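Here are my notes on this model, point by point. Have the structure open while you read.

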Amino acid sequence: MDVQGSGHPRLALLAATEPGIAESQIFRLALHHAAAELQAVAGAVHLRGPTSALRLVCSAGLPPASAERWDIVMEDGPTVPAGAVREGRRTWVPARADDTAGIPASPWPGTGLASVPFFSGDRAVGAITLLTGDRGEPSAREWDYLRAVAAWTEQRIRQAPPRTQPAQPAQEAQEAQEVLAGDRLRQALRGVPIGTWDWELRTGHLEWADTAVAIYGALPADYEPRMENWLKTVHPDDLPSAMAAAERAIRDRTGYEAEYRMRRPDGSYCWCQARGSVVCDENGDPVRMVGVIWDSSESRSARDALARALRMMSDGFVLLDDTGRIVFVNLEAERIFGAPEQELLGRLLWELPAVRGVPDLEPRCREAATAAAAPVTFDVWLSPDQCHRLRLVPGPSGLTVYFTDVTEKRRREAERAAAQRAAAERSARIAELTAALARAMTSSDVVDAVAQRVLPPLGASGLVVITTVGSRAHVVGAVGYPAPMLDVIDGLRIEPGDPVRDALLTGAPLFIPSAEEFARRYPRRAHLPHLAGKQAWAFLPLTVSGRTFAVCTVSFDEPRRLAHDERTLLTTISALVAHALERARLYDAEHTRSQELQRALLPRELPRLPECTVAARFLAATQDVGGDWYDVIPLSGGRVALVAGDVMGHGLSEAATMGRLRTAVHTLADLELPPDELMGRLNQIVGGLGGDSYATCLYAVHDSTTGVCTMTLAGHPPPAVVEPDGRVHFPELSPDPPLGVAQPPFRASELKVRDGTLLALYTDGLVESAGREIGQGMADLAELLRTAGRDDLERLCDLVTSKLLPDEQPTAPDDAVLLLARLHTLSGDRMAAWQLPDDPRAAGQAREHVRDQLPRWGLDELVMTTELIVSELVGNVVRHARGPARLRLLHTRPAGLVCEVSDGSLTTPRIRRASAMDEGGRGLQLVAALCRRWGARYTATGKCIWAEQALSGDGRELPWEPAAGAGF
């Protein structure tokens, strides 16, 4: 590893150390910086010697006893530094699991031993070992740091100067080295009391060195150094294993290692550990075993103490051999497995019933044991309500398994996670509700938004918003309440002892968890829970600018005590609902006024005419008023005008424009203008309103005497024509641009219709929407008219509007108009016409025609008044106009009798107020007094003066009777 480029300040400081320092200084610097960075409790550096042992060359923070035990470490032993050097890789073992470290575990609970080797070439020559603090195993970054320190140590050892000796002759130098070596050996033997032994296999002679004898105490004087006598001193429980190890070493020509208890002369026992090797003769037959022995009572006592500590530790502790079988369990593990130690030893861990349900436990254990990598940790649920943290720590001869009960910890984590999820869900709900309330325009929209986004998450079933009008309650909107309950609440007097009144007065939320609590608090309203079918309530005051104007009530079907976070959520939501509802109430008031204005500008009733039977529907847009309108205008001479129009845009200005155009159409229709000329005049009016005013219009005049329908279209969709045989078609007319952008003259189209033909006028709001093109809408309209064309017109209007504009449609973006007119033609026996001479005899002939025709129609009572009317009208033609004159009588039921006198002059008569001395000027006054209405219209050859009489003979009778069912 490149120490220079690491960027770490401590490594940079080590790299700045001058080359050529002694090895002792190298080891001290490396240990100091390693321990400081990892905040270690203690540390040591071991160096490989000429034998299979590691020697302590530097230590920091180790008590003297621990430093003495770590002075010589066997390379093939189980200690951490030995393992790091032997395996050539980093090693980590928890302190309490290292029973040969020589450091008691109890003073530093939770610590461990971390060791990294350093190399000379490919051979590990030493290790840096740290006793970590309460931080546990080093992190990946800290392991990288330790490896960098080891790399620096390797580099500086190569640069260290060689050890120098004083200049001596060769013989003296050799003797000095031998003396020095002998001194070192004696010092080592004094520090580590190791005895030697020599066993002659053929004779059974067993020779003990003095140090070995000292280990067992003084031997009896009659003791013979033979193997048989030694066997008598070994504890009977340990003798089989010790002899089995010796036999295996002799048979396999391998090393011998055993630990056993030896009886001393005083009767006590001590633990001894022996190692040896087999010596063979020239034929390869074993003849001797030689070895060493030392007292291991102290380390054995430490291991026993550690075993007792492990037996009593709070975590479950299990040792497995290399096959996965249990060799040690503590009391907590016995409790977890539900079996005593004697039943568990020797069994495979993953076959125990308590852990059999843990997924992939066997492969995980085997992988951890064979990989000998870092410990593996994962959670397992041994029961639905018990969670343990499993930690698999690989070792040289097996696997160590820790079971830590983390049920409470996981429960707290689950509670925290649930609280976080709940907070996130509350935030999401508030965000969704805020967006929905921002889109809500009416009070009904606000109630629907709250019902959809607040009731389901809380498990609530009812919602009602109540405002006060004077001292009485008014239900703005409700969900989940029966109609009888709402009838009781709506208009209920708000008095003391009412929860709505308390919420309004205090401005604070009111939560009632049960019907019993409701009855206790409000005995005067105790009957309401049963009527509503609710068991718990939250009364949320809606306050804006310090004024509480309404109460939102959330109710539950079952008793419910709301949690703190639920109450907080409802309180927060009430503030959002209050502002949205206040805005919606203003919109509702404005929208109501706009709709009232719009409805006032449309026909309240349709006339009942002999020329046609009509029915109409107007469906207003739900968001804003528009400019759609329709009209039926009776004309003279058995004619009727049918109108449908649409002012583009929405709002009060468009509704006002619609009213002005409808009035203008009425005025122009009274002038008896042809459709194309009327549309030209109307275009001028729209153009004068401003550059942003546009409208479409369809104006059709049906003449019942000729069966001709004359139409003019200004940007409007064509009418649907339903023939008496049921065929439906849209006539191919020549439409002009919309009013306001069109350039006169307009084109008029004539359509010959039969008696009983149905004409359907409509606006684009009926057949066009966001999800339907106008062409498809017209096709749907034609299909409906075809299948139900002979139905009553009122039912047909309802059918068409319900199919094309379904009730479940959330919003209608535009107004929609439908006007149905079943056209009638006047039969020939109801009409009579005569050509009159162009001289004074014309009046007399006209009277004769009247006296002859009216009795045929059964109108004898109208003969006298009709003679006076036609005499005056024909006389005016003779006196003031030019001929030839023409008389026509129309018998139109139930309207009455129409008299028409036509001539070739374009001068129209007008009523004047004649003075007392004037000889003329009273003829038209007489006509006006005798008939219901009269007027004049231009024709292709001149003009026509007409007068209409009621069949009852009452000339003051209204010109028509209203048709039922017309209007909105």
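1. A definition before anything else: I call it a salt bridge when a side-chain nitrogen of Lys or Arg is within 4 Å of a carboxyl oxygen of Asp or Glu. By that rule Glu-200 and Arg-288 pair through their side chains, at 3.8 Å from N to O. The two partners come from distant parts of the chain, 88 residues apart: Glu-200 sits in strand β7 (residues 194-200) and Arg-288 in strand β11 (residues 286-295). Helices (H or I, at least four residues) and strands (E, at least two) are DSSP runs, numbered from the N terminus.

2. Some ground rules. The model is predicted, so local features need pLDDT of at least 70 and side-chain atom pairs count only at pLDDT 80 or more, while totals for chains, interfaces and linings use all residues. Residues are numbered from 1 along each chain as its sequence is written, and side-chain values use heavy atoms, with hydrogens and water left out.

3. Back to that pair: are its members buried or partly exposed? Glu-200 is partly exposed at 29% relative accessibility, and Arg-288 is partly exposed at 27%. The cut-offs are under 20% relative accessible area for buried, over 50% for exposed, and partly exposed in between (1.4 Å probe, protein chains only).

4. Asp-798 bridges to Arg-617, with 3.1 Å between the closest N and O atoms. Asp-798 belongs to helix α26 (residues 793-804) and Arg-617 to strand β23 (residues 612-619), so this bridge ties together parts 181 residues apart in sequence. Asp-798 is partly exposed at 40%, whereas Arg-617 is buried at 14%.

5. Then there is Arg-937 with Glu-900, whose side chains meet at 3.2 Å, N to O. Arg-937 is in strand β36 (residues 933-938) and Glu-900 in strand β35 (residues 896-903), so the link joins parts 37 residues apart in sequence. Both Arg-937 and Glu-900 are buried. Elsewhere, a network of salt bridges links Asp-379, Arg-389, Arg-410 and Glu-413.

6. Which elements does helix α23 pack against? Its buried residues pack against α22 (652-670), β26 (695-703) and β27 (708-714). Those buried residues are Pro-675, Leu-678, Met-679, Gly-680, Leu-682, Asn-683 and Val-686. The geometry checks out too: the 13 residues of α23 (residues 675-687) should span 18 Å at 1.5 Å a residue, and the end C-alpha atoms are 18 Å apart. That expected span is 1.5 Å times one less than the number of residues.

7. On the surface, Met-864, Leu-868 and Leu-926 make a nonpolar patch with about 290 Å² of accessible area together. Patches take residues with over 30% relative accessible area and no salt bridge, joining like charges within 9 Å and nonpolar side chains (Val, Leu, Ile, Met, Phe, Trp, Tyr) within 5 Å. Leu-926 is part of helix α29 (residues 923-930) and is partly exposed at 37%.

8. How many disulfides are there? A search of the whole structure finds zero, taking a disulfide as a pair of cysteine sulfur atoms within 2.5 Å. Among the cysteines, Cys-58 is buried at 10% relative accessibility and Cys-697 is buried at 1%.

9. Finally, the overall picture. The protein has 29 helices and 38 strands, and buried residues make up 46% of its 968 residues.

Notes:
Accessible areas come from the Shrake-Rupley method with a 1.4 Å probe; for residues, only the protein chains shown count as cover. Contact means heavy atoms within 4.5 Å.
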